[in-house]
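Hello,

Here is the structure for you to look over. My notes follow below it.

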Amino acid sequence: MSVKQRIFPTPESDPDTEAFWAAAKTGKLMIGSCKSCGEKHYYPRGMCPHCGSSDVGLVQSSGKGQIYSYSVLRRVDPPYAIAYVTLDDGPTMMTNIIEADLDALSIGQKVELKFSPTADEDGAPVPTFKPA
């Protein structure tokens with residue numbers, strides 16, 4: 001018997017996220033980095049959320065982090081976990097936890113990146129995390 005998998009919607013790209021999704025297709029998680037204040041941020045955008053500078057770029061993340069907060073949704077089929085994961089690189093991102101015992105998840109649990117395919121087979125995969 002196979003486990004039913006959640007199907008993720010295909011993300012839309014725009015000029016601010018085009019490089020992010022292109023990197024995702026090659027298996028790289030990119031995070032924003034401000035060249036003015038040095039702060040890192042997630043999600044990719046054309047302006048730093050910390051200082052307001054438009055001098056931003058992308059840097060590759062290690063894809064490792066820990067669960068900051070999570071919620072398990074059980075009234076759907078299949079049940080799934082949505083979480084905030086704080087990356088070892090600094091920023092916190094909203095994501096899904098996959099390939100996990102939903103009853104065994106915990107705050108502070110180490111997780112690692114695993115891209116998940118979307119409904120459109122040609123679309124970019126979305127960053128999700130699994131227990132490390």
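The sulfur of Cys34 lies 3.7 Å from the closest cysteine sulfur, that of Cys51, so the pair is too far apart for a bond. The cut-off for a disulfide is two cysteine sulfur atoms within 2.5 Å. Cys37 is in no disulfide either: its nearest cysteine sulfur, in Cys34, is 3.7 Å away. By this rule the count of disulfides is zero.

This is a predicted model, in which local features need pLDDT of at least 70, side-chain atom pairs count only at pLDDT 80 or more, and totals for chains, interfaces and linings use all residues. Residues are numbered from 1 along each chain as its sequence is written, and side-chain values use heavy atoms, with hydrogens and water left out.

Burial next. Buried means under 20% relative accessible area, exposed over 50%, partly exposed in between (1.4 Å probe, protein chains only). Cys34 is buried at 3%. Cys37 is partly exposed at 34%.

Thr17 sits in the segment before α1 (18–25). Helices (H or I, at least four residues) and strands (E, at least two) are DSSP runs, numbered from the N terminus. Thr17 has 12% relative accessibility, so Thr17 counts as buried. Leaving out residues up to four places away in sequence, Thr17 touches Glu12 and Pro44; contact means heavy atoms within 4.5 Å.

Now the strand side. Tyr68 is in β4 (residues 64–73). Its relative accessible area is 56%, so Tyr68 is exposed.

Best wishes
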